[in-house]
Amino acid sequence: ASRISTEWAGRNVSYFHETDSTNTQAKKLGEEGAPAGTLAVADRQNAGKGRRGRSWESPPGRDIYMSLLLRPDIRPSDAPMLTLVMAQSVAEALREQTGIDARIKWPNDIVAGGKKLCGILTEMSAEIDYINYVVIGVGINVNQPSFPEEIADRATSLMLEAGRTFLRAPLIAAVMERFEENCSLFLGTRDLSGIQAAYNDLLVNVGEKVRVLEPGHEYSALSSGINKKGELLVQKEDGTTEAVFAGEVSVRGI
Ligand code: ATP
């Protein structure tokens, strides 16, 4: 067993051999009044989810599927920043534990060599000005030796990148430790000023041309990193700078 040195993140763990999705389980725990920091972990998901209802490939026994329950005292409109706090924490943990050059694709993916190693999906239950709970789901491809054809050119695993397998428990502990620290920086200022520089250091596509896809409108621009609200700053061809909000658009490298 591996030790976890956090105060609250991941100290209370609900383990599932198989489940629909760990986000669904963590939301259930949230409804039942489980404390902040409760972590739902599964060995296998049969309905793993990405953003916009897309599915997350979740074969049994090899990878990490986990969802952290939070009850942050912030405004609901600030909750999307937690996705970036988690992305930073996963990237740091994977770099320190594996030596792989894990980087961040804004806002929510961790990539190596341009391929996706990890996806993050944040969901919340809130009133207009009050958060009941937030669930941050994290799927990390750890020991997957290959991927289905449809995503083989876009997905990778720690094993494929490092040429060896990894134990999952120490990786989970490292992510929780990094998250607890980064989250306390975030809660101190209620923005990303404490991690902004480190996040931008790990960001891919900085200084490169990206395509911004807004509903009904798309354009190319130069990406230059996040601001303290977690918006991606891009410079348009007419020279103006736009702050792109994660909830509304996806950005693709071209
Ligand atoms: P995109 O990666 O398409 O720009 P996104 O960041 O919103 O968008 P998510 O919704 O987080 O992506 O993840 C779902 C997508 O990730 C799926 O549509 C599929 O392309 C890809 N995918 C699914 N399972 C895996 C996996 N195990 N590893 C890597 N990528 C996966």
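Here's a quick briefing on the sheet and the nonpolar core of this predicted model. Local features need pLDDT of at least 70 and side-chain atom pairs count only at pLDDT 80 or more, while totals for chains, interfaces and linings use all residues. Residues are numbered from 1 along each chain as its sequence is written.

- Strand 4 and strand 5 (residues 109–112) pair antiparallel over three bridges, and Ile104 has Ile110 of strand 5 as its bridge partner.

**The core**
- The largest nonpolar core has 62 residues, with Val90, Ile110 and Val138 touching the most other members.
- Such a core is a set of buried Ala, Val, Leu, Ile, Met, Phe, Trp, Tyr and Cys residues joined through C-beta atoms within 7 Å; buried means 20 or more other C-beta atoms within 10 Å of a residue's own, with C-beta atoms placed from the backbone.
- Helix 2 (residues 80–98; helices are DSSP H or I runs of at least four residues) gives this core its largest share, ten residues.

**Ile110 up close**
- Beyond its neighbours within four places in sequence, Ile110 is in contact with Ala87, Val90, Ala91, Leu94, Ala102, Ile104, Leu117 and Cys118; contact means backbone-placed C-beta atoms within 7 Å.

Technical notes
Buried ≥ 20, exposed ≤ 12 C-beta atoms within 10 Å, placed from the backbone. Helix = DSSP H or I, 4+ residues; strand = E, 2+ residues; numbered from the N terminus. Contact = placed C-beta atoms within 7 Å. Pairing = 2+ DSSP bridges.
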